[in-house]
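Thanks, everyone. I have one model to go through today, so please have a look at it first.

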Amino acid sequence: MSATDDSHATKPTHLDPSALGTREYWDDAYTVELANHAQSAEDEGTIWFSDAGAEERMLQYLEDLADEGRLHKEEEEGETTSFLDLGTGNGHLLFALRDDDWEGRMVGVDYSRKSVELARRIGETRRAENEELRAVQFEEFDILAGTPGEWLGAGFDVVLDKGTFDAISLSGEMDAQGRRICEGYREQAEKLIKKGGILLITSCNWTAEELKEWFVVDGGELEYEDAIKYPSFTFGGKTGQQVCSLVFRRKTAP
């Protein structure tokens, strides 16, 4: 794996706004999933990008980093890798990390109160079934407009985004500078990552090159490090893949 210092002066063309970029859409969606979970504890809701196996590939990538000694699943010399899941939804990605025996601090945040309620209920159910399972913390937080609580601490070793930047990119809202609100995402996400820590982001709306243009910018604190491999397909003479997952590292020095 090698890092580069590429920077980009331009941004990709914005996506057309969609209902998937609104809080109301996600509140409604998680209200339904809450009702489903209440009827059957085994129904934990949607696993995003499951058809592409994105979650499994993200988990395997993190496992590989642990095998290389770059992340710590169990306590080593007083350290364990900490995780923050941005736009956690039902919390499935963090629960999957717990199932894979990652012991470090885990926090999932979402701007949908219903999402947080669902994730907490699932967490309670899982711990009732396995008292030795370490807890996962879930908090209501809007990355673009909120102030982090005590849960932020000194930041996180790994920040995860599985479709959250995608959803924000579909919002038609504008910020105080007259920009689409997705343009403020990178700067806010950087503050949540420890220096030297990583952002692992998965997208189905943006190509790898477009994600680099969004996240590696002049004056920014992120540098591109790696990409997870997915099966590719060729259509109309062009080769691509259904989703992409990129790793960006927060610089340790300006």
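Predicted model: local features only at pLDDT ≥ 70, side-chain atom pairs only at ≥ 80, totals over all residues.

Residues are numbered from 1 along each chain as its sequence is written, and side-chain values use heavy atoms, with hydrogens and water left out.

The annotation comes from an unreviewed UniProt entry: "domain: Methyltransferase", covering residues 80-214. UniProt positions are in the numbering used here, feature names are shortened, and annotations may be inferred rather than shown by experiment. The end C-alpha atoms of that span lie 30 Å apart, and the span is 33% helix and 23% strand. Helices (H or I, at least four residues) and strands (E, at least two) are DSSP runs, numbered from the N terminus.

Now the cores. A nonpolar core is a set of buried Ala, Val, Leu, Ile, Met, Phe, Trp, Tyr and Cys residues joined through side-chain atoms within 4.5 Å. Buried means under 20% relative accessible area, exposed over 50%, and partly exposed in between, with a 1.4 Å probe and protein chains only. The largest core has 36 residues, and those touching the most other members are Leu62, Phe83, Leu94, Leu97, Trp102 and Leu160. At least two residues each come from α1 (23-39), α2 (54-67), α3 (92-99), α4 (113-129), β4 (156-162) and β5 (193-203). The largest share, seven residues, is from α2. A second, separate core of 32 residues includes Val107, Ile201, Phe215 and Tyr224.

Next, the helix pairs. Axes are lines fitted to C-alpha atoms, for helices over the stretch in contact (heavy atoms within 4.5 Å), and angles run from 0 to 180 degrees between N-to-C directions. How do α1 and α4 cross? Their axes come within 8 Å, at roughly 25°, and the two helices are therefore roughly parallel to each other. Angles under 35 degrees count as roughly parallel, over 145 as roughly antiparallel, 65 to 115 as roughly perpendicular and the rest as oblique.

For α2 and α3, the axes are 11 Å apart and the angle is about 45°, which makes α2 oblique to α3. Glu55, Met58, Leu59 and Leu62 of α2 make the contact with His92, Leu93, Ala96 and Leu97 of α3.

Last, Gln60, also in α2. Gln60 is partly exposed, at 44% relative accessible area. Gln60 and Asp100 are 40 residues apart in sequence and 9.9 Å apart in space, C-alpha to C-alpha.
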